[in-house]
Amino acid sequence: MKKTPLAILCSILVAASLLTACEKLATAKPQPQQPAQQPANQQQGNALPLTAPETPIEDETPEQDPLLAAFNQSVKIAATARTIAQDKNKGTGSLVTYQINNISAKPILSVKWTTAFLDGNTILFNENIIADFSKEPLAARQDKSIQVMDYFKSMSKEAQTALKDPKKQVNVLIVAREISFSDGSKIVVSLTEDDAAAKQ
């Protein structure tokens, strides 16, 4: 079933509200389809504006999905920088750096999430990301930075214009999907069409 852009935006905003609420709750306690790529040669040295929108916390926190709560109690993902870069094949795009913090007690083999880049409430571009740590699991209570290249040729003209503008403030929403741990356990919050097809 094909979703309209408004339905997708509503889904993302609801998920973002829940993630923000979970993150605020998680920080009160003591305490990545495109595979992650190697850093590309940067064309511009200055980081471009990149922020996560502030979501006000209501007095009464809505009932939370237990899988989403488990995801947020296991890992924190933040987009920390965005630059314009070019790879060795001369492909240009937006190179985004993500900080992944394993706040669980178990090593992580992989983390899947969807990143949506927004201009106000308009979705410019979204990307399904997999951070694969199978060769070297992300140890408990450790963090790691990865970089993911989103190529301009795969974006709409509107998204390219916004993401190429060094003064443009771009909001970022991280939507939880799945964590796989080294002991074989998983937390599956949501599936993409690609995930569902792979399981059939």
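**Strand pairing and ring contacts in a predicted model**

Lys112 has Glu178 as its bridge partner in E9. Please keep in mind throughout that the model is predicted.

The bridge belongs to the pairing of E6 with E9, which is antiparallel and runs over 10 bridges. Strand E6 covers residues 108–119, and strand E9 covers residues 170–181. How many residues of E9 are buried? The count is 12 of its 12 residues, so that strand E9 is mostly covered.

E9 also pairs with strand E10, residues 186–188, again in the antiparallel sense, over 3 bridges. In that pairing, Ser180 stands opposite Lys186 of E10. The two strands form a hairpin with 4 residues between them, and Gly184 in the turn has a positive phi of about 95°.

Of the 200 residues in the chain, 42% are buried. The accessible surface amounts to about 11400 Å², with 52% of that belonging to carbon and sulfur atoms.

A further hairpin is built from E4 and E5, with 5 residues between the strands, and there Lys90 takes a positive phi near 70°. Strand E4, residues 75–86, pairs with E5 in the antiparallel sense over 11 bridges. Within this pairing, Ala78 has Gln99 in E5 as its bridge partner.

I turn now to Asn102, which lies in strand E5, residues 92–102. Is this residue buried or exposed? Asn102 counts as buried because its relative accessibility is 0%, and the cut-off for that class is under 20%. Where does its side chain reach? It reaches the backbone oxygen of Leu138, at 3.0 Å. Beyond neighbours within four places in sequence, Asn102 is in contact with Ser74, Pro107, Ile108, Leu138, Ala139, Ala140, Arg141 and Gln142.

Next, the aromatic rings. A pair of such rings is described by the distance of the centres and the angle of the planes. The model holds 2 aromatic pairs. One of them joins Tyr98 and Trp113 in an edge-to-face arrangement, 5.3 Å centre to centre, with 70° between the planes. This pair links distant parts of the chain, as Tyr98 is in strand E5 and Trp113 is in strand E6, 15 residues apart. Both Tyr98 and Trp113 are buried.

Phe117 and Phe125 form a stacked pair, 6.4 Å centre to centre, with 25° between the planes.

To close, I return to the strands: E9 pairs with E6 over 10 bridges and with E10 over 3 bridges, while E4 and E5 pair over 11 bridges. Thank you for your attention.

Note on methods. Residues are numbered from 1 along each chain as its sequence is written. This is a predicted model: local features need pLDDT of at least 70, side-chain atom pairs count only at pLDDT 80 or more; totals for chains, interfaces and linings use all residues. Side-chain values use heavy atoms; hydrogens and water are left out. Buried means under 20% relative accessible area, exposed over 50%, partly exposed in between (1.4 Å probe, protein chains only). Accessible areas come from the Shrake-Rupley method with a 1.4 Å probe; for residues, only the protein chains shown count as cover. A polar contact is a pair of N or O atoms within 3.5 Å; within protein, one must be able to donate a hydrogen and the other to accept it, and residues adjacent in sequence count only if both atoms are side-chain atoms. Contact means heavy atoms within 4.5 Å. Rings of Phe, Tyr and Trp (its six-membered ring) pair if their centres lie within 6.5 Å; planes under 30 degrees apart count as stacked, over 60 as edge-to-face and the rest as tilted. Two strands pair if DSSP finds at least two bridges between them.
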